[in-house]
Amino acid sequence: MRIGELSRRTGVATRLLRYYEEQDLLHPDRAGNGYRSYPESAVARVRQIRGLLDSGLTTEMIRAILPYLCVPGRLVPSPGNVPPGTAALLQEHIDRIQARIDCLARNRDRLAAYLAAVGPDGG
């Protein structure tokens, strides 16, 4: 399929699909006329990339772990075989997510305490 059809089927703009290719996340074939040609499996791959980006992973992290994701949500090979550099990248990301969660929880608690102090009707 051509890039326009992949864009329509995934809801991802063609410029982003080209960017994913530049980032070595997608690997289309090239037709004799130079047009990109994507296999049917590219639809699932693009959705997987979007999901990983939406979870906050960078394209660098995605590029590192994508070879281990044969189907969305399943790691191959086993997690024990993930290279240390990839594991370190993921651990750093987990730590950043946890820091954001902690900050959000503190802010939620402060807002709840303020609301409790002023009462439900604002005072």
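In which strand does Arg36 lie? I open with that residue, and I note at once that we are looking at a predicted model. Arg36 belongs to strand E2, which covers residues 36–37. Its side chain makes a polar contact of 2.5 Å with the side chain of Glu21. Beyond its neighbours within four places in sequence, Arg36 is in contact with Met1, Arg2, Ile3, Arg18, Glu21, Pro28, Asp29 and Arg30.

Glu21 has a further partner. A salt bridge joins Glu21 to Arg30, at 3.5 Å from N to O. Both residues of this pair are partly exposed: Arg30 has a relative accessible area of 46%, and Glu21 one of 22%.

Read from the N terminus, the order of elements is α-α-β-β-α-α-β-β-α. The chain has 123 residues, of which 25% count as buried. Its accessible surface comes to about 8100 Å², and carbon and sulfur atoms hold 56% of that area. Among contacts with a separation of 6 or more, 48% are between residues 24 or more positions apart.

The largest nonpolar core comprises 20 residues, and Leu6, Leu17, Tyr20 and Tyr38 have the most contacts inside it. Helices H1 (3–10), H2 (14–22), H3 (41–54) and H4 (59–65) are the elements that give two or more residues to this core. The most comes from H3, which gives five residues. Not counting residues up to four places away in sequence, Tyr38 touches Met1, Arg2, Ile3, Leu6, Leu17, Glu21, Leu26 and Pro28.

The charged side chains come next. The count of salt bridges is six. One of them pairs Arg9 with Glu5, with the closest N and O atoms 3.7 Å apart. Why are Arg9 and Glu5 separated by about one helical turn? The two are four residues apart in helix H1, which accounts for that separation. As a general point, an α-helix has 3.6 residues a turn, so residues three or four places apart point the same way. Arg9 is partly exposed, at 33% relative accessibility, and Glu5 is partly exposed at 33% as well.

Arg9 also forms a salt bridge with Glu40, at 2.4 Å from N to O. This pair links distant parts of the chain, since Glu40 sits in the loop between E2 and H3 and Arg9 in helix H1, 31 residues apart.

My final topic is helix H5, residues 84–118. How does its span compare with expectation? At 1.5 Å a residue, its 35 residues should span 51 Å, and the C-alpha atoms at its ends are 51 Å apart, so the two values agree. Just after H5, Gly119 takes a positive phi of about 85°.

Within H5 we find His93. Is His93 buried or exposed? At 5% relative accessibility, His93 counts as buried. Leaving aside neighbours within four places in sequence, the residues in contact with His93 are Ser55, Gly56, Leu57 and Met61.

Methods: Residues are numbered from 1 along each chain as its sequence is written. This is a predicted model: local features need pLDDT of at least 70, side-chain atom pairs count only at pLDDT 80 or more; totals for chains, interfaces and linings use all residues. Side-chain values use heavy atoms; hydrogens and water are left out. The expected span of a helix is 1.5 Å times one less than its number of residues. Buried means under 20% relative accessible area, exposed over 50%, partly exposed in between (1.4 Å probe, protein chains only). Contact means heavy atoms within 4.5 Å. Accessible areas come from the Shrake-Rupley method with a 1.4 Å probe; for residues, only the protein chains shown count as cover. A nonpolar core is a set of buried Ala, Val, Leu, Ile, Met, Phe, Trp, Tyr and Cys residues joined through side-chain atoms within 4.5 Å. A polar contact is a pair of N or O atoms within 3.5 Å; within protein, one must be able to donate a hydrogen and the other to accept it, and residues adjacent in sequence count only if both atoms are side-chain atoms. A salt bridge is a side-chain nitrogen of Lys or Arg within 4 Å of a carboxyl oxygen of Asp or Glu.
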